Amino acid sequence: MNSLKLWTAIGMLVLASSAGDVMLSAAMKRIGDLDAIRINKGLLTVIGHVVREKLFLLGLCCLIFSFFCLLTALSWGDASLVAPASASLTYICSAILAKFLLHENVDRRRWLSAALVCVGVLLLVK
Amino acid sequence: MKFKKIFIYLAIACCNGAGDVLLKRGMQNLGEIHLSRWTHIFNAFIDPWIILGILFLAGFFYSYLTALSWADLTYVLPATAFGYVITAFLSRVFLHETVSPWRWAGVLLITCGVGLVARGPSLTERPTKDTALGKDSAISRAKEQHELA
């Protein structure tokens with residue numbers, strides 16, 4: 001029962017944070033190189049650009065929700081299990097979303113690394 | 001450029017790992033959260049460990065956004081995977097959790113996966129689409145300004 005509770009929290013955390021990651025990535029690509037903007041126009045301009053991007057705000061909402069799931073999951077399980085398990089499952093889920101929604105070039109190298117991370121996660125649960 | 005990539009990778013990994021461990025330390029003070037008394041979770045924001053953890057995660061978020069602005073999502077994400085190594089190490093030393101050999105093996109495999117991606121190209125090449133995207137956002141920004149006016 002306890003582990004079902006824990007894995008439900010981790011599942012919700014994974015879905016919310018990969019959706020958030022994809023939205024943030026799309027939003028940042030629309031804004032452009034933050035380093036260049038900061039050097040030319042200062043940090044306040046960077047923050048201004050970022051908070052006016054609707055996609056960023058939507059992604060942020062997803063991440064805030066996933067943060068509450070993380071706090072809950074951390075109170076139920078070990079940090080060395082919860083943090084890696086959720087973050088690397090997020091990695092797989094985001095790779096799939098990045099391929100189909102962001103049309104990123106997820107080549108053999110990136111899929112192989114996704115598989116390595118997946119096996120790594122299975123070992124973490126042992 | 002090379003130095004910039006390494007620096008942002010390290011900043012993302014360290015802030016992420018340290019942030020998670022600090023949050024766990026704070027939640028130990030707070031005790032278990034029951035669904036019937038879920039508002040208890042808001043007490044988390046007055047715990048110094050949690051506040052420090054949130055500060056670290058804020059640093060992580062800034063470096064993460066900066067990296068996303070000039071690299072693919074599938075390139076930046078593995079940088080957070082470096083954080084697992086730091087999380088496992090810190091939970092062993094700082095939280096005194098037992099980390100089994102299996103978990104260490106998992107951490108090792110994840111690290112291999114990270115190294116593999118980090119050595120590849122950082123951004124999908126699509127010159128025509130990039131310029132088209134730039135145009136789109138310029139148009140939408142002009143529209144927004146027009147609506148504001």
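Chain A folds into six helices and zero strands, in a model that is predicted. Read from the N terminus, its elements follow the order α-α-α-α-α-α. Chain A also meets chain B, with 45 residues of chain B in contact with 45 residues of chain A.

**Overall form of chain A**
- The C-alpha trace of chain A spans about 50 × 35 × 25 Å along its principal axes.
- Chain A has 126 residues, and buried residues account for 48% of them.
- Taking the contacts in chain A between residues at least 6 apart in sequence, 76% link residues at least 24 apart.

**Helix H1 of chain A and its end**
- Helix H1 of chain A covers residues 2-31, which is 30 residues.
- From its first C-alpha to its last, H1 of chain A reaches 43 Å, close to the 44 Å expected at 1.5 Å a residue.

**The side of chain B that touches chain A**
- The contact between the chains involves 45 residues of chain B and 45 residues of chain A.
- On chain B, helix H1 (2-30), helix H2 (48-70), helix H3 (73-93) and helix H4 (101-118) each contribute at least two residues to the side that touches chain A.
- H4(B) gives the largest share of that side, twelve residues.
- Sorted by class, the side of chain B that touches chain A holds 27 nonpolar, twelve polar and six charged residues.

Definitions and conventions
Residues numbered from 1 in each chain as written. Chains lettered and ligands numbered in written order. Predicted model: local features only at pLDDT ≥ 70, side-chain atom pairs only at ≥ 80, totals over all residues. Helix = DSSP H or I, 4+ residues; strand = E, 2+ residues; numbered from the N terminus. Expected span 1.5 Å × (residues − 1). Buried ≥ 20, exposed ≤ 12 C-beta atoms within 10 Å, placed from the backbone. Contact = placed C-beta atoms within 7 Å. Nonpolar A, V, L, I, M, F, W, Y, C, P; charged D, E, K, R; others polar.
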